[in-house]
Every structure is written in C-alpha cells, then in structure tokens.
Amino acid sequence: MKASSDLRNIGIFAHVDAGKTTLTEQMLLLGGAIRKAGSVDRGTAHTDSLPVEQRRGISVQAACVSLHWNGVRINLIDTPGHADFASEIERSLWALDGAILIVSAADGVEPQTELLFQTLKRQSLPCVIFINKTDREGADVPRTMAEIRKRLTRDAALLPVSPAAADAAVPDSSAASAPSAQGAAGFTSAELHSALIDALSSRDDELMETWLETGDVPDSRLLASAETLSGQGFFHPVLCGSALRGQGVTELLDAVVRFLPSPDMAEVPARSEVNPLCGVIFGVTPPSALGRGAWVRLFSGALRNRDSVQSGSGTPLKITQIRDVDGTDTGALDTGQIGLVYGLTGAVTGQILGNPSKLPRSVDPGSMAKPLMTVQAIPDRPEELDSLYKAFLELAAEDPLLGVRFLRDVRELHIQVMGRIHLEILAEIIKNRFGLEVSFGKPSVIYKETIASEAIGSAVYTMPKPCWAILHFRLKPGPRGSGITYRSRVSFRDIPERYQHQVEQALPTALAQGRLGWEVTDLEITLEEGNYHHIHTHPLDFIVATPWGIQDGLRNGGSTLLEPLLEIRFLLPADSVGKVMGDIVLMRGEVKDSSDDGDRTILTASVPAAECLDYSERLAALTGGRGSMAAKLCGYRECPPEKGAVQPRRGVDPLDTSKYILAARSALEGGIFDA
Ligand code: GDP
Ligand code: MG
C-alpha cells in the first residue's frame with residue numbers, strides 16, 4: 001500500500017463572503033494547478049462551476065480540487081457558507097482529515113463562524129485558522145485574534161515565524177525566525193512568540209517546564225509542539241493575509257502541510273493485516289455517459305477497476321472507472337484517497353462502502369442541520385408533473401436531505417428544503433438541468449406531533465379471513481426530546497418472536513404521520529397484550545395491524561402539535577439591540593443571554609422557526625448589513641393550535657379499516673407504507 005503521508009484532504013469553511021472561493025483560487029495558482037486565478041466577482045472562479053454560482057457569486061455546491069505543495073498533494077474542498085447549504089458542508093466533512101477556517105479581519109468572528117467551528121470541534125477535525133482581508137479598510141487583526149480566543153477557542157495563536165521555518169532544521173530560534181507575513185498583523189514578533197508559549201504551555205507540560213526553567217522556548221520547539229497538538233485537534237495555528245492579493249497564502253499552504261494531519265495519521269482504527277474495504281460516498285454527480293459518478297473517500301482497503309462492490313440492495317456492482325480529483329483516469333483508489341468512482345449504479349450520498357466500523361466519524365445525514373420547511377412544487381405546465389417528480393428524485397440522490405414526496409391521491413408534489421435561498425437555487429437547477437419551469441406554494445414549517453394524554457390503541461385484525469393479529473398498545477406522552485421508545489410485555493407464546501419483530505419493524509411507518517399529518521415523536525409505546533393464531537395468522541398480518549393499533553391509540557389520546565424551535569445567536573451594533581429584542585418577543589421568542597463584545601452586542605434567543613424564516617433579510621435591512629445571525633435547531637415545543645398547520649394525510653388512513661385492509665393486502669410492497 002502506498003504511503004499517504006504525502007497527502008492532505010482539507011476543507012475550507014467560513015461564513016458567506018469571508019473569501020473561501022478566492023482563497024481556493026490563490027492556492028490553486030500557487031500550487032501550479034491553474035495558470036491564472038479566476039475571480040468570484042467576474043464569475044470565473046474554478047470551483048463555482050454552476051451557472052447560478054457564477055451569476056450570483058456564491059458557492060452552493062462543495063467543489064473538490066487538487067494541488068501540489070512541497071511534494072505533498074492537497075485535495076481541497078471549497079464549501080458553501082450559507083446556512084441553507086449545511087447539508088453540503090456536512091457531507092464534505094465525511095471526506096476530510098483537516099480544515100481551514102476563514103475569519104474576515106474586517107468583519108470578525110460571525111455567529112455562523114461559531115457554528116462552523118463547533119461543528120469542526122464536534123467532529124474532532126484539526127483546523128488552522130486564516131484571518132483574511134487584512135488589506136481591507138477597517139481590518140483589525142489584533143481585535144479579530146481577541147475575538148477568536150474569546151468566542152472560538154483559547155487554543156489558538158498567531159505564528160511568530162513562517163511554518164516552513166523549522167523545516168530547515170535549525171535549532172536556534174533566532175536563525176529560524178524567517179520573516180513572516182504575520183509581521184503585518186500589528187504585533188511584534190516578541191508578542192507573538194509569548195502568545196504562542198502561552199497557548200501551548202497549557203497543553204504541553206514539557207514546554208511549560210522549559211519555559212519555567214529558562215524563561216524562554218525556542219521557536220523551533222514551539223512549532224514542533226504546535227505541530228503535534230494541532231494534528232490532534234488541541235491547538236489551532238492562526239495565519240493572516242489577503243486572499244485577494246495573494247498575501248499570506250504561501251505561509252498558509254506551508255501550515256496545511258505542516259499542521260494538518262495526513263490520512264494515515266488521522267486514521268483512527270489500528271491497521272491490521274486484513275485491510276477491509278471502508279469508504280463513504282460523500283457526493284454523487286449528475287448522470288453522464290458513464291452513469292452517475294460517486295465521490296468516494298476511502299478509510300481502509302482499496303478499489304480497482306472491475307472490482308465488485310456490494311450495493312445497498314445486496315447485488316454486486318462492478319466498478320467501471322476511477323478518476324482522481326483532477327479527473328485523471330487512475331483506475332485505482334487507495335486508503336486515504338478521494339476519487340470519483342463510476343459503475344456504482346444507484347449510488348446515493350451518504351452510502352457506506354464495505355465495513356462501517358472503520359469510519360473515523362459517524363456518517364449521519366442531518367446531524368448538522370435538517371430541512372425545516374416543506375413546500376409544494378408546482379410545474380408551470382401541469383403535464384410536466386411527472387417529469388418534475390423525476391427531476392427532484394434525481395436531485396434527492398445527490399442530496400439525501402432533500403425530502404421529496406408525491407401524494408398520489410391528489411397528485412401533489414411536496415419537497416423539504418433548508419430555506420428560501422435553497423428554494424431559489426433549486427428552481428434554477430431544475431430549469432438549467434432539466435428544462436422545467438417550477439413555482440412553489442406557500443412554505444410551511446415542518447411540524448411534529450405527539451399524543452396529548454395516555455391512551456390504549458387496539459387493532460383486532462381477524463376479518464376478513466384468513467388473518468389473525470390482535471394488538472393492544474399503551475401510548476404515553478414522553479418527555480420533550482425523548483423521541484420514540486418501545487417495549488413489549490407480551491410473551492413469545494402469545495405472539496411469537498418473529499411477529500413481535502414485525503411490529504417493531506412497522507413502527508417507523510406507523511409513526512411517520514399522526515392524526516395531524518406530521519411525524520409523531522416523544523411517545524412511550526408498550527405492547528401490553530395481543531395474540532396470534534397458529535392457523536389463521538398470515539405472515540404479514542402484524543405489519544398490517546401495527547399502524548392501525550398505533551393510530552387508534554393516537555386518536556384516543558388526542559394530539560399535540562409541536563413546532564421546531566431555533567436557537568439564534570445575534571451579533572448586533574449597539575443601536576439595533578432594542579429593536580431586535582422587540583422583534584424577538586413579537587416572534588413568540590425569548591432572549592436567553594446577552595453580552596457585550598467591544599462595540600457590538602451578542603444576543604442569544606430561542607425563537608419558533610415558523611416566525612423567523614425571513615429574519616436574516618430583515619436584520620440586514622434593519623442594521624444596514626452590520627448585524628448578523630446564525631440559527632440552529634434546539635428542539636420542539638408545543639405550538640398554539642391557531643399558529644400551527646395540519647397536513648392532509650398521505651395514503652389511506654388505517655382507521656378507515658375496511659379500505660385500509662384492502663389497500664394493505666393488495667399493495668404491501670410500495671403502496672401505503674411509503675406513501
Ligand atoms: P466566499 O463566499 O467565502 O467563497 O467568498 P468569496 O471568495 O466569494 O469572496 C467574497 C467577496 O470578498 C468577493 O467580492 C471577493 O473579491 C472579496 N474578497 C475575498 N478575499 C478578499 C481579500 O483578501 N481582500 C479583499 N479586500 N476582498 C476579498
Ligand atoms: Mg464561495
């Protein structure tokens with residue numbers, strides 16, 4: 001197996017407009033991958049390849065490019081910054097070993113930067129921080145550095161010398177102190193030197209000792225300590241410069257090679273003689289002549305052309321082509337590498353290849369953010385409804401969080417999206433890629449529901465023969481955020497194990513929509529009583545009876561509507577604080593915390609999602625663009641009935657018993673259970 005210490009898989013993360021795409025261009029230029037830097041402002045950036053990205057100057061898709069620096073190959077993923085594209089950010093994390101987080105020296109640490117940093121921390125991804133836009137008027141590196149240490153992490157410091165300095169292996173610090181771009185930061189190198197000692201000594205006892213004994217630590221020793229600690233994610237080297245002018249980018253590339261881990265260092269599971277296949281599909285390309293391409297990161301094992309891989313459905317699939325990030329047909333993918341693999345028919349983003357136990361991080365679509373809005377998609381030409389449905393299904397294979405639902409009875413198409421910008425971009429993609437014109441109905445928040453009070457739900461499925469499944473469930477409201485719990489008090493004598501297993505299998509379908517039409521949550525289910533019949537019970541009877549018994553219980557107990565609640569962090573200029581606080585109350589929200597940060601105020605509030613879908617635009621207008629906010633889901637709470645929405649039931653209602661039994665029997669696979 002080829003060593004992968006000469007490889008880095010790195011993502012670039014930041015708030016919108018901090019300079020991710022511009023920095024990527026500069027790195028590609030320095031790394032010799034392109035001859036001339038493209039420009040976001042002129043729509044020629046190499047990673048903004050979609051027409052909508054070029055026209056709007058924003059990135060909506062994660063883009064993978066590659067360059068070489070000092071003999072090391074760097075695969076770079078430029079991610080979108082807007083919160084509506086969180087699912088793109090999340091899935092690029094699956095492929096990475098390290099990250100660059102950009103903070104603008106002119107705007108400082110934005111609420112969205114805090115959220116991104118927390119996500120990187122949660123995933124234990126080592127990260128270097130780049131303070132960009134030092135050329136801008138109002139740029140203030142010391143202030144930005146103070147904000148980083150106060151609001152992101154104490155484990156961060158600007159480097160006093162170029163990261164490449166100690167590669168010369170000069171032990172003496174004065175000789176190693178090659179002048180660095182950090183000089184422009186407004187600190188003397190002595191100040192940077194002692195700040196670095198300060199940041200590292202709390203994590204490195206030996207360094208602390210040297211410092212206490214001798215009163216100083218050589219730069220080369222500091223860099224060595226920074227290297228170890230940052231590879232483990234315990235320290236974040238900070239660099240600064242201007243992506244637009246190409247300043248500080250050389251040092252940043254040196255830092256990536258030096259401080260961010262190579263795949264074999266990042267690999268958590270110990271290597272053994274058996275090296276089973278383990279990879280994740282972190283993206284899927286639109287179908288081409290070669291079929292869909294799957295972006296694969298391999299954590300263990302290797303793939304070759306003509307290898308067979310088990311698909312999700314168990315059928316072996318033959319790999320037809322493997323390309324590297326540059327598009328070169330390599331025919332091979334080894335441990336640690338990222339590549340584009342063809343032949344995996346039916347590949348969807350988030351699919352795991354091989355043995356999941358070798359994954360260093362969990363692959364759980366939606367753990368960072370889930371869609372909170374549902375909306376009806378309406379084709380401008382009604383006869384194109386089926387084509388529109390197909391188009392959205394194709395997009396859903398690329399984005400596992402894009403929920404697509406087709407209500408057959410009423411012939412309505414509904415999709416679940418992250419927000420309004422996401423919706424606008426989808427309309428453009430549908431038009432450019434599929435030639436379809438689509439408009440959208442009024443968006444609704446995605447609610448949940450629970451049972452109002454304890455109740456028994458029964459299904460007595462003994463007619464029309466042959467059949468026999470009797471179930472009595474006790475349903476109890478669970479604590480908020482507890483989800484669904486299930487247990488059975490029925491013996492295997494009354495209902496054999498395989499049928500009890502069917503009851504459990506049928507629960508997700510049974511709970512997908514409650515009496516108000518929303519997903520049911522916070523419910524404790526106990527199977528109290530029931531029985532089967534050794535002659536009459538048909539193999540699938542308990543699958544048919546479960547939704548019926550559950551829905552009966554939900555009807556008996558009554559329903560409570562739950563609405564998603566967001567935690568919003570605001571960063572506000574002083575003159576807008578009063579106005580925003582007033583708006584929070586009007587939005588049925590609550591201020592949780594407020595603190596001053598220099599001339600700005602940080603407010604934390606919880607607000608129902610339904611009330612604040614547009615608030616970032618209003619905030620921008622209110623503050624002349626000087627205020628910003630970032631929101632994350634913090635749970636669900638009871639919603640006043642007059643504020644909420646009921647959703648029409650999809651498919652046949654199990655309480656419409658005779659119709660339901662007919663439908664269930666005739667269409668067990670496909671029909672009612674996944675309406
Ligand atoms: P992204 O949204 O993070 O990808 O940011 P972009 O790379 O699209 O940059 C957003 C805007 O900031 C563009 O107008 C860039 O030209 C500008 N920009 C990026 N880096 C710098 C910089 O270092 N200095 C200045 N003055 N402008 C920059
Ligand atoms: Mg961009």
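This is a predicted model: local features need pLDDT of at least 70, side-chain atom pairs count only at pLDDT 80 or more; totals for chains, interfaces and linings use all residues.
1. Helix α1 (residues 20-30) packs with helix α10 (residues 249-259), their axes 10 Å apart and at an angle of about 80 degrees. That angle makes α1 roughly perpendicular to α10.

2. Which residues make this contact? From α1 come L23, Q26, M27 and L30, and they meet V249, T250, L252, L253 and V256 of α10. By type, the residues of the contact between α1 and α10 are seven nonpolar and two polar, with no charged ones.

3. On the cysteines, there are zero disulfides in the structure. For C64, the nearest cysteine sulfur belongs to C278 and lies 18 Å away. C64 counts as buried because its relative accessibility is 17%, where the cut-off for buried is under 20%.

4. C240 is likewise in no disulfide, and the nearest cysteine sulfur, from C127, is 15 Å away. C240 is also buried, at a relative accessible area of 4%.

5. Now to confidence, where the chain has an average pLDDT of 89, and 93% of its residues score at least 70. Among the elements of the chain, strand β24 (residues 469-477) has the highest mean pLDDT, 98, while helix α6 (residues 173-176) has the lowest, 41.

6. Two stretches deserve a friendly caution. Residues 267-272 stay under 50 in pLDDT, and the model gives them nine contacts beyond four places in sequence. Residues 670-675 are also below 50, with 12 contacts in the model beyond near neighbours in sequence.

Definitions and conventions: Residues are numbered from 1 along each chain as its sequence is written. Chains are lettered from A and ligands numbered from 1 in the order in which they are written. Side-chain values use heavy atoms; hydrogens and water are left out. A disulfide is a pair of cysteine sulfur atoms within 2.5 Å. Buried means under 20% relative accessible area, exposed over 50%, partly exposed in between (1.4 Å probe, protein chains only). Axes are lines fitted to C-alpha atoms, for helices over the stretch in contact, and angles run from 0 to 180 degrees between N-to-C directions. Helices (H or I, at least four residues) and strands (E, at least two) are DSSP runs, numbered from the N terminus. Angles under 35 degrees count as roughly parallel, over 145 as roughly antiparallel, 65 to 115 as roughly perpendicular and the rest as oblique. Contact means heavy atoms within 4.5 Å. Ala, Val, Leu, Ile, Met, Phe, Trp, Tyr, Cys and Pro count as nonpolar, Asp, Glu, Lys and Arg as charged, and the others, Gly among them, as polar. pLDDT is the predictor's confidence in each residue, from 0 to 100.
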